[in-house]
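Hi everyone, thanks for coming.

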Amino acid sequence: MADNYLEKRYEETLGSQRPKVKRVGPNLDQLLVRARSCRGYNKNYRVSRAELERIVGACTKIGSAKNQQVLRFRLVTQGPEADLINANIKLGGLLPELHLPLPGTEPEAFIVACTNATANNYTYIDLGMALQTMMLKISEMGLSGLIIGAFNKTEIKAGLNLNHEPLMVLAVGKGAEQFQLVPVAEGHDLAYYREGGTHYVPKLSATDLIINS
Ligand SMILES: Cc1cc2nc3c(=O)[nH]c(=O)nc-3n(C[C@H](O)[C@H](O)[C@H](O)COP(=O)(O)O)c2cc1C
């Protein structure tokens with residue numbers, strides 16, 4: 001069904017009597033497409049602690065194995081702690097020659113996802129759900145983010161005085177990059193690449209994701 005089918009039908013049958021259709025924000029597909037991994041940020045925009053709190057707030061509405069909710073989040077905004085994180089993360093490992101982030105576009109706000117328990121498989125499933133949920137919230141807020149697994153755990157744990165085990169770092173900021181998803185077939189090179197200032201991300205189609213019965 002076309003996106004605006006119902007709206008059109010209202011118009012045809014009720015004309016001007018139709019009830020006002022409340023404009024809603026972007027739909028889930030649009031948020032997902034916008035929620036690209038961003039490795040370059042506009043530093044003129046300073047992400048506030050309140051914004052990071054709203055992003056973490058999205059995690060209060062999601063599932064959790066046995067509802068144990070073992071994840072905890074440390075918020076970092078611009079300053080020495082952000083500098084420490086920047087010195088201990090690795091961005092764009094598939095494009096080492098670019099040394100991302102480009103100078104002057106480093107992220108300056110972070111959410112460090114930790115656990116207050118011994119991590120097990122369910123912790124990592126909760127973690128993935130929380131990170132993707134936060135990426136969607138970030139996208140809804142008109143910001144961009146990056147999930148970062150390549151970080152120096154020891155340095156970040158010590159530098160931030162964490163009593164919890166850091167599991168993953170999420171960078172947040174105003175994105176300064178152009179993206180394009182590229183539909184590709186199974187077997188195609190899946191490495192992201194850059195051309196003419198655009199970051200291209202190959203994605204398999206649903207047909208390739210579904211197992212043939
Ligand atoms: C669990 C996980 C860990 C990741 N770690 C890093 C990382 O350390 N550095 C980085 O630049 N990107 C990292 N990424 C981002 C991926 O490279 C990115 O998701 C992938 O290239 C696809 O791009 P997309 O997110 O725009 O779809 C990570 C993503 C996930 C889900």
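**Around the ligand**

By class, the shell around the ligand holds seven nonpolar, four polar and three charged residues. Nonpolar here covers Ala, Val, Leu, Ile, Met, Phe, Trp, Tyr, Cys and Pro; Asp, Glu, Lys and Arg are charged; the others, Gly among them, are polar.

Keep in mind that this is a predicted model, where local features need pLDDT of at least 70 and side-chain atom pairs count only at pLDDT 80 or more, while totals for chains, interfaces and linings use all residues. Residues are numbered from 1 along each chain as its sequence is written.

So who sits around the ligand? There are 14 residues, and Arg36, Ser37, Leu91, Gly149 and Ala150 come nearest (near means a C-beta atom, placed from the backbone, within 6 Å). Strand S3, residues 144–148, gives the most to that shell, with three residues. Strands are DSSP runs of E, at least two residues, and helices are H or I, at least four, numbered from the N terminus.

Next, the sheet. It is open, with three strands in the order S5-S7-S6 and mixed pairing; two strands pair if DSSP finds at least two bridges between them. S5 (178–184) and S6 (193–195) are the edge strands, each pairing on one side only. S5 and S7 (residues 198–204) run parallel over seven bridges, and Pro183 stands opposite Lys203 in S7.

Last one: Val33, in helix H2, residues 28–34. Buried or exposed? Val33 is exposed, because it has 12 C-beta neighbours inside 10 Å (exposed is 12 or fewer, buried 20 or more, partly exposed in between, with C-beta atoms placed from the backbone).
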